[in-house]
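Subject: Structure handover

Hello,

Please find the structure below. My notes on it follow.

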Amino acid sequence: MKVIKADRTILPLIQLITAIIAAMLTMASYKFISIRIVMLIFCGIFLLTGAFLVLFYLPLWFRRLQYSITNETVTKRSGVFFTTERTVRFSSVQFADIVSFPFSKFTGLNFIILSAYGGKIALLFLKEQDKKTLLKNIGRDYC
Amino acid sequence: MYHEHPLKILKYSAKNIWLLVFPLVRGIWAMKLDVNKLYMWLRGAWFDILVVILIILFGFAKWYFSRITFGESAVIHKKGIIIKSLKIIPYENLSALTREHSYYLRPFRAVRVFTDTCGGIMKASDMRFLLSYKVCAEFINKIPQSEHESDIVYRYKPKFILIFFFSALFSSSFSGVVYIGAFFFEGGQIAQDIIRTSLDRFTAEASKFLIMNIPYAVLTVIVIIFGAWLISFITNMIRYSGFFIRRYKHIIRIESGRITPRRFLISQDKINYYYLRQNLLMKIFRVMSVNISCSGYETKKNKNYPVFLPIESGRKIKSDLENAAGIRYNHKRQYKPKFSGIWNYIWFAVLIAAVIFPVFRILPRIIPELDEAASFFLIMAEIPAIWFFIVRIAALLTSGVTIDGELIYVRYSKRFDFYTIIGEKSKLVKLDVKQNLFQRYVSHKCTVSFYFHNEISQRHYVKGLKLEQAKEISEKCLR
């Protein structure tokens, strides 16, 4: 069994975007909400949520996201507060969607969505090499 | 490697139509400056033209980057300009392939192609293309044993009259028309009587209301229901005329439709189950429609009933089903609900029939003008309620489960229709046995539900079976 960890190269960028969005929402609340107490509440909510996501949730979510591959199955393990494990047998995979962003070789923005009987499983933030290994394991049709 | 048909550029372009907002804003701005001078508009038009060109260029780029490859074992669809997406479907996983020859695409020699597998969670096509005839033929050639006439095992083309009956029976609001028919012949007289007797007592205004308004309201309802049915009937006639089924060794090919011919290639192994569908009249006359549950042959996009054999008589069903699907039809019910389980079947129908009485007693108190007409509407509302009650009794007498070798037959009724599911044991996903408190401690009966392979979870259930029977069924099915 091979264990693949999510590629964390893109994490700082996601953290940065999240921080910018939180800052913009806080500034908008400060500028457009005239009632002081409401403005403070909103600013607090946006700042705290931003800080929580950037400093705690996102790093932990990335750290816990992993895939275990055997010759027959792939298991996705994810979740911060509640851990979810989802296993799909390669033989039940009907088709695959492979999504790559620009510079995905360097950023790890490679996604594979496997559609099997009765559901889908999304394998997110894969290294180029891991993506190839996974596709090879699913079957020669997908290489 | 192939591109889709160039017509697809228009569709891709249409997606960016929102960009026209910019020239529109600019146009309004320019009009304000000088409305009467055309040259001013022309001077401004360069921007509009540029945006339109940009839209088309965008469409062209999307079309150019949408590439289809028919590999040795899979079809690959690559698309996206910045974010690249690759969809891979192995040929052996295809459950259905649909070709739709719309009349407006034919002059361009273009065809819509939908491909489906058993995967996914929605009843939507997994791949959709607009292809030229040449590329489409290339695709078809890749599917093993699809279209070689010499390999045909069975072929069947129903007569026009059968398609006519099928269209009439399965057009929506058919039951509404039967109901309206009763309204015309029976209810019409009742309505007249009511009006005549109430004329003596009603004020001039009230009688005017009854004469003028109610018949018009009724007429509107008749026109709407009959119109809806007629449209549905004509649509069905167009869609299923020319229905033709060919069975190859592993593939079933179905053709139907005159204006927009649709051709389906269905992988026999991927059929989830077969089912016979009947309403009460069809049940009485021992006539049925054979349908299939197969991903791709019942998607909303295709807007068709998953018809396999449109109309079959009780006498012919056995031989036709064996020839068309290789199934030896067993009409016997091995496990059937006992008559003591009648309440499970009729309680809802009884409830509806009972509720109608107080509703039409209370209604005239709220709207006093409807005092006399209420009894007429009461009768008209009771007709479908009683019809439903009869359907439920028939359901009790015809429901049941049969296990014959590797096949499971589930006979049950849902709403006004009767179904016979014929599915393989290997395609049974789940079997539920449910009891409520009364069933658990008093009657010892239960409801057995069957779930077969399907894109969406679909329940087929038989009510009022004995618990021992359910255990036996469960053992036999899951063994």
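Domain bounds here come from an automatic or database domain assignment. On that basis chain A is divided into domain 1 (7-62) and domain 2 (66-142).

Two points on conventions. This is a predicted model, in which local features need pLDDT of at least 70 and side-chain atom pairs count only at pLDDT 80 or more, while totals for chains, interfaces and linings use all residues. Residues are numbered from 1 along each chain as its sequence is written, and chains are lettered from A and ligands numbered from 1 in the order in which they are written.

Domains

The centres of domain 1 and domain 2 of chain A, taken over C-alpha atoms, are separated by 30 Å. Their contact takes 6 residues from domain 1 of chain A and 8 residues from domain 2 of chain A; two residues are in contact if their C-beta atoms, placed from the backbone, lie within 7 Å. On the side of domain 1 of chain A that touches domain 2 of chain A there are 4 nonpolar, 1 polar and 1 charged residues. In this count Ala, Val, Leu, Ile, Met, Phe, Trp, Tyr, Cys and Pro are nonpolar, Asp, Glu, Lys and Arg are charged, and the others, Gly among them, are polar.

For chain B the assignment gives domain 1 (2-64), domain 2 (91-329) and domain 3 (331-479). There, 5 residues of domain 1 of chain B are in contact with 7 residues of domain 2 of chain B.

The sheet in chain B

In chain B, 7 strands form an open sheet with antiparallel pairing, in the order E7-E6-E5-E11-E10-E9-E8. Strands (E, at least two residues) and helices (H or I, at least four) are DSSP runs numbered from the N terminus, and two strands pair if DSSP finds at least two bridges between them. Strand E7 (127-132) and strand E8 (154-156) of chain B each have a single partner strand, so one side of each is left without a neighbour in the sheet. From one strand to the next, the twist averages 15°.

E9(B) in turn forms a hairpin with E10(B), with 3 residues between them. Ile254(B) in E10(B) is the bridge partner of Ile245(B).

Contact between the chains

How many residues does each chain give to the contact? Chain B gives 19 residues and chain A gives 16 residues. Strand E4 (residues 84-90) of chain B supplies the largest share of the chain B side, 7 residues. By class, that side has 9 nonpolar, 7 polar and 3 charged residues. Strand E5 (residues 93-100) of chain A runs antiparallel to E4(B) and is joined to E4(B) by 5 bridges. One of the bridge pairs is Val99(A) with Ser85(B).

Regards

Methods: Axes are lines fitted to C-alpha atoms, for helices over the stretch in contact, and angles run from 0 to 180 degrees between N-to-C directions.
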